[in-house]
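Here is a walk through one chain, from the overall picture down to single side chains. Have the model open as you read.

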Amino acid sequence: MKRAPLSLKAQALALLARREHSRAELRTKLLAHARKRAAHDTAEASGTPSADAGRNGWGSGWEGDPFGESATSAPPVAQAHRVEPDPDALAAEVDEVLDWLQAQRYQSDERFVESRLNSRAPRLGLTRIRQELSRHGVELDSDTVRTLRESEVRRARDIWRKRFGQPPADLRERARQMRFLAARGFSGEVVRQVLGGGEDEPD
């Protein structure tokens, strides 16, 4: 028998044990898990074989005993009468778990943003950082945006030095270096300052 999926709370804690998650990201994952768990519970209650019972839609015993009368050789129960889980009920259940996780400080959007900044700011510009955080359903506060902007040229120059180490020898190489920095989320003005030489900005 296939093992039942973890409870929502257990699944959430397992995900958070691997890395920080934003609430929006965790909600998406938990909704998918809730649907999987609901489908499993429905199948268990009705005696319907699971989707992986066999390629032919028969139980696992069909292939070894095609003419036998065992329960596993019978066609699966018709799917027409299966009750689909209520999406609103599943969403409410997930939101309740998320509220509990936040109350216990197991999940925190602020901590998620801090974790992302620590890993991404040394390698990316403000534009890319904002884009990545937006995909996770969170935004930077105004103070953090200002801090990143103040260090943008210095961070871009550090990245440029590690990748190239010397000014471009011709226009083609200059264009390549500009594309490199732009792809990492640095603005045109920052890129021009980096490739134009000049001294590092004070910390």
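What follows covers the fold, the confidence, the core, the salt bridges and the end of the chain.

## Ground rules

This is a predicted model, so local features need pLDDT of at least 70 and side-chain atom pairs count only at pLDDT 80 or more, while totals for chains, interfaces and linings use all residues. Residues are numbered from 1 along each chain as its sequence is written, and side-chain values use heavy atoms, with hydrogens and water left out.

## Overall fold

There are nine helices here and zero strands, giving the pattern α-α-α-α-α-α-α-α-α along the sequence. Both kinds of element are DSSP runs numbered from the N terminus: H or I over at least four residues for helices, E over at least two for strands.

Of the 203 residues in the chain, 32% are buried. Buried means under 20% relative accessible area, exposed means over 50%, and partly exposed is what lies in between (1.4 Å probe, protein chains only). The accessible surface is about 13,400 Å², and carbon and sulfur atoms own 50% of that; the areas come from the Shrake-Rupley method with a 1.4 Å probe, and for residues only the protein chains shown count as cover. Looking at contacts (heavy atoms within 4.5 Å), 64% of those in the chain with a separation of 6 or more link residues 24 or more positions apart.

The average pLDDT of the chain is 83, and 77% of the residues score at least 70. That score is the predictor's confidence in each residue, from 0 to 100. Among the helices, α5 (residues 126–135) has the highest confidence at 97, and α2 (residues 23–46) has the lowest, at a mean of 90.

Two stretches need a separate note. Residues 50–75 have a pLDDT below 50, with 18 contacts in the model beyond near neighbours in sequence. Residues 198–203 are also below 50, and that stretch has nine such contacts.

## The nonpolar core

A nonpolar core is a set of buried Ala, Val, Leu, Ile, Met, Phe, Trp, Tyr and Cys residues joined through side-chain atoms within 4.5 Å. The largest one here has 15 residues, and the ones with the most contacts inside it are Leu 8, Leu 26, Leu 30, Val 94, Val 97, Leu 98 and Leu 101. Helices α1 (8–18), α2 and α3 (87–103) each give two or more residues to this core; α3 supplies the largest share, six residues. In soluble globular proteins, nonpolar side chains tend to be buried together.

Take Val 97 as a way in. Leaving aside neighbours within four places in sequence, Val 97 touches Leu 8, Lys 9, Ala 12 and Leu 30.

## Salt bridges

How many salt bridges does a search of the whole structure find? It turns up eleven, counting a side-chain nitrogen of Lys or Arg within 4 Å of a carboxyl oxygen of Asp or Glu. One of them pairs Lys 29 with Glu 25 at 3.9 Å, N to O; both sit in helix α2, four residues apart, about one turn of the helix. Lys 29 is partly exposed at 32% relative accessible area, whereas Glu 25 is buried at 12%.

Glu 132 is buried at 10% and Arg 128 is partly exposed at 24%. In helix α9 (residues 188–195), Glu 189 and Arg 192 are three residues apart, about one helical turn, and their salt bridge has its closest N and O atoms 3.3 Å apart. Glu 189 is partly exposed at 44%, as is Arg 192 at 47%. Salt bridges with shared partners also join Arg 19, Glu 25 and Lys 29 into one network.

Which residues of α9 are buried? They are Val 190, Val 191, Val 194 and Leu 195. Seen down the axis of α9, the buried residues fall within an arc of 125°, so they line one face of the helix; the arc is that of the directions from the helix axis to the C-beta atoms. Their cover includes α7 (152–163) and α8 (171–183).

Helix α8 contains Gln 177, which is buried with a relative accessible area of 1%. Beyond neighbours within four places in sequence, Gln 177 contacts Trp 160, Phe 164, Gln 166, Pro 167, Pro 168 and Leu 195.
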